[in-house]
Amino acid sequence: MNKKALIPFAVFIAGLCSIIYELLISTTATYFLGDGVRQFSIIIGVYLFSMGIGAFLSKFLKEKPLAFFINVEYLLGFIGGVSVPLLYMLFVYVSPMVLQISCLAIIFVIGLLTGMEVPLLTFALEESNIKDNLSNVLSLDYIGGLIATLIFPFIILPFVGLYYSSLIFGIVNIVLGILLNYTLLKDKKRNSIFGFLAVIALVILVLFGGKLLKVWDQKIYKRPIVLNEQTPYQKIVMTKTQGDVRLYLNRVIQFSSADEHRYHESLVHIPLAMHYNPKRVLILGGGENLASREVLKHSSVQRVDVVDIDSTMFYLAKENKYLKDINDNAAKSEKVNLITEDAFTYLFNNTEKYDVIIADLPDPTNQALARLYSKQFFLMAKRNLKKDGVFVTQSGEIYFSNKVFSCINNTLASVFEDVQPYHTYIPSFGDWGFIIARHDGNDSKVDIKALPKGLKYLNPNQIAQAFIFPQDITIAETKQNTLDNPIILNYFLDEWEKWKVDFEAGTK
């Protein structure tokens with residue numbers, strides 16, 4: 001490859017790799033620290049700021065721009081390559097504050113080096129007397145960035161994963177520097193030693209990646225891992241200790257097989273027993289099909305639509321031996337219709353109405369999930385209900401997350417005429433809340449006779465107790481959660497931080 005072609009190629013690769021590092025670190029920070037909007041916003045801001053500093057400093061490196069660019073590639077490739085493995089390790093051993101500072105420090109250095117790349121290559125182009133092609137060459141930097149943003153969510157994250165992606169693109173960055181060094185510089189040996197050492201270090205991390213990830217994951221989940229998959233939407237982990245199978249999505253526990261029946265029986269049977277003849281049921285979320293397992297126990301039900309954004313959950317529900325055993329093969333029932341779609345989008349586009357809608361959705365830990373508890377979401381749920389229909393949503397832990405629970409209740413009350421909160425104790429989660437909502441309050445009582453036989457947990461006395469709350473748990477005054485102002489996310493993060501501090505203080 002001649003010099004005229006190699007430098008534009010270097011600009012393209014540099015633009016590609018630098019954006020990949022920024023996306024990798026932002027995504028990793030979101031997984032470990034939560035609140036994706038906050039993490040992406042802060043990290044992008046620091047990244048752009050440090051790029052500006054790097055561009056400014058590059059003017060002091062005009063004498064040997066190509067040599068300095070090659071050294072920048074070595075450093076950038078090594079730091080970008082080890083960034084995700086380093087953050088994985090820090091997550092296990094340091095506090096969230098130290099982890100946050102570490103993320104920002106790493107992205108600052110990456111941005112600083114990235115900011116130097118294009119100016120240094122510009123100086124190199126000027127030395128080479130090919131200034132006429134400068135605008136065309138530099139446009140490749142932006143094309144590289146565009147391609148990075150396209151391949152990251154569709155190829156890199158689901159098929160390669162965060163850990164290996166950072167190492168692979170780090171190696172690509174360093175190899176680019178070595179290629180430039182051997183093609184364009186005279187003192188090849190002296191300028192390539194660090195590059196080769198850096199590549200060797202990253203290759204070792206790739207070769208031992210499986211073992212390292214297994215050790216780190218084991219320290220995080222503290223139980224034997226039997227499933228570990230990364231999808232375009234989430235990290236799915238399943239653990240098994242003796243007879244207890246637990247499912248985690250992005251490190252947040254979704255159920256424990258030891259007591260999930262308490263949650264799913266309360267979520268499903270109470271609202272279905274409030275409807276005189278439920279035939280068509282919609283489940284939003286619940287891709288593991290534990291809620292549909294309970295719905296199928298009602299003989300009147302003719303069709304169950306399960307809407308989940310992640311098709312991998314449907315595949316696991318049908319094929320994973322642990323989930324199949326827990327959900328009683330509900331995912332393969334002729335009555336169950338599995339729909340891979342975002343719950344918000346589905347409600348917006350759907351025209352057929354349901355007797356019962358069950359929102360079995362994750363807690364509002366980020367902006368995307370917070371919208372599934374918004375006034376607009378509940379309005380669409382109401383539109384998708386028949387006049388005598390029943391809507392229910394899981395509403396989180398009611399003591400430590402009382403403001404989140406209250407916010408959901410208050411937002412629902414602004415949409416539906418009849419809102420009834422209830423709760424049940426689940427050992428793996430705590431005192432868990434649910435809220436039923438209807439168009440009106442006529443006959444809004446649980447028909448005990450409508451409960452299916454053979455339930456493990458629910459009985460008439462337990463149902464009566466579910467609607468009675470202790471004196472120290474009340475519906476607090478909160479703002480309504482809307483798409484424009486997702487206040488529930490702030491409530492969740494504030495209460496989670498308080499709960500985490502109290503828990504840590506109590507366990508020292």
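**Close-up 1. Helix H3 meets helix H8 in this predicted model.** Pro85, Tyr88, Met89, Phe91, Val92 and Tyr93 of H3 touch Leu213, Trp216, Lys219 and Ile220 of H8; contact means heavy atoms within 4.5 Å. Nine of these residues are nonpolar, none is polar and one is charged. Here Ala, Val, Leu, Ile, Met, Phe, Trp, Tyr, Cys and Pro count as nonpolar, Asp, Glu, Lys and Arg as charged, and the others, Gly among them, as polar. H3 spans residues 65-93 and H8 residues 209-221. Helices are DSSP runs (H or I, at least four residues), numbered from the N terminus. The two axes come within 10 Å and cross at roughly 30°. Axes are lines fitted to C-alpha atoms over the stretch in contact, with angles from 0 to 180 degrees between N-to-C directions. H3 and H8 are therefore roughly parallel (under 35 degrees; over 145 is roughly antiparallel).

**Close-up 2. Helix H3 also packs along helix H6.** H6 covers residues 162-184. Its axis and that of H3 come within 8 Å and cross at roughly 165°. H3 and H6 are therefore roughly antiparallel. Their contact has 17 nonpolar, nine polar and one charged residues.

**Close-up 3. Phe78 and Phe194 form an aromatic pair.** The count comes to 22 aromatic pairs, with rings of Phe, Tyr and Trp (its six-membered ring) pairing if their centres lie within 6.5 Å. The Phe78 and Phe194 centres are 6.5 Å apart and the planes stand at 65°, so this pair is edge-to-face (over 60 degrees). Phe78 lies in H3 and Phe194 in H7 (residues 188-207), so the pair ties together parts 116 residues apart in sequence.

**Notes.** Residues are numbered from 1 along each chain as its sequence is written, and side-chain values use heavy atoms, without hydrogens and water. In this predicted model, local features need pLDDT of at least 70 and side-chain atom pairs count only at pLDDT 80 or more, while totals for chains, interfaces and linings use all residues.

Key:
Helices (H or I, at least four residues) and strands (E, at least two) are DSSP runs, numbered from the N terminus. Angles under 35 degrees count as roughly parallel, over 145 as roughly antiparallel, 65 to 115 as roughly perpendicular and the rest as oblique. Rings of Phe, Tyr and Trp (its six-membered ring) pair if their centres lie within 6.5 Å; planes under 30 degrees apart count as stacked, over 60 as edge-to-face and the rest as tilted.
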